[in-house]
Amino acid sequence: MTEQKIPSRTEEDLKQIAKCLWAKQIFCDRDIRKEERDNMIGSIFMPIMLGGLNKEVVKELGLIFEYYDKSAPRSINGYPIFFSCQLLNIEDAKKMFDYAVKIENAMKIAPDVNSTMCIWCEKKYTYTDEEKEKTPWIEKFCQEKCSIEFQAFRNRKKR
Ligand SMILES: [Zn+2]
């Protein structure tokens with residue numbers, strides 16, 4: 001049995017990563033234009049340039065990502081720069097993107113701007129008339145509690 005270089009995440013973790021990705025709080029290697037990916041990856045995710053990926057890791061690698069709020073105050077070619085990054089193995093990356101697609105589809109079920117899905121509790125959420133006049137479909141939480149819990153979850157991840 002070979003040792004796993006990129007440990008598997010829990011289902012709950014993968015689901016949360018998918019949510020953060022969908023909420024555009026995460027930058028991942030897929031966000032780099034395909035033709036630039038190989039050249040740019042090390043300049044965007046600094047640990048990669050500094051030799052963070054050996055052959056064994058690359059074999060298992062499914063996704064490189066990091067939270068936008070961990071980005072450096074500089075950018076390169078319009079991309080953020082990170083001094084840290086997180087990895088998902090191939091199997092986890094697939095699961096995570098499956099979750100992301102589910103979230104995306106859940107949003108499509110409600111094409112009218114009258115409702116959305118709360119990104120935290122996943123309840124369908126119908127806007128009040130007052131909210132509709134403000135910035136409707138940008139809101140991703142059905143209540144403030146959900147927003148707070150979502151941020152708390154993210155902060156836990158950063159430690
Ligand atoms: Zn909610």
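A residue counts as buried here if 20 or more other C-beta atoms lie within 10 Å of its own, as exposed if 12 or fewer do, and as partly exposed in between, with C-beta atoms placed from the backbone.

**View 1. The whole chain at a glance.** By that rule, 22% of the 159 residues of the protein chain are buried. This is a predicted model, in which local features need pLDDT of at least 70, side-chain atom pairs count only at pLDDT 80 or more, and totals for chains, interfaces and linings use all residues. Numbering starts from 1 along each chain as its sequence is written. You will find seven helices and seven strands in the protein chain; these are DSSP runs numbered from the N terminus (helices: H or I, at least four residues; strands: E, at least two).

**View 2. The largest nonpolar core.** Such a core is a set of buried Ala, Val, Leu, Ile, Met, Phe, Trp, Tyr and Cys residues joined through C-beta atoms within 7 Å. The largest one has 22 residues, and Ile17 and Met96 have the most contacts inside it. Helix α1 gives the largest share, six residues. Leaving aside residues up to four places away in sequence, Ile17 touches Ile26 and Met96 (contact: C-beta atoms, placed from the backbone, within 7 Å).

**View 3. An open sheet of three strands.** Its order is β1-β2-β5, with antiparallel pairing (two strands pair if DSSP finds at least two bridges between them). Strands β1 and β5 stand at the edges with a single partner strand each, so one side of each has no neighbour in the sheet.

**View 4. Where β2 meets β5.** Four bridges join these antiparallel strands. Look for Phe65 opposite Gln86 in β5.

Technical notes
Two residues are in contact if their C-beta atoms, placed from the backbone, lie within 7 Å.
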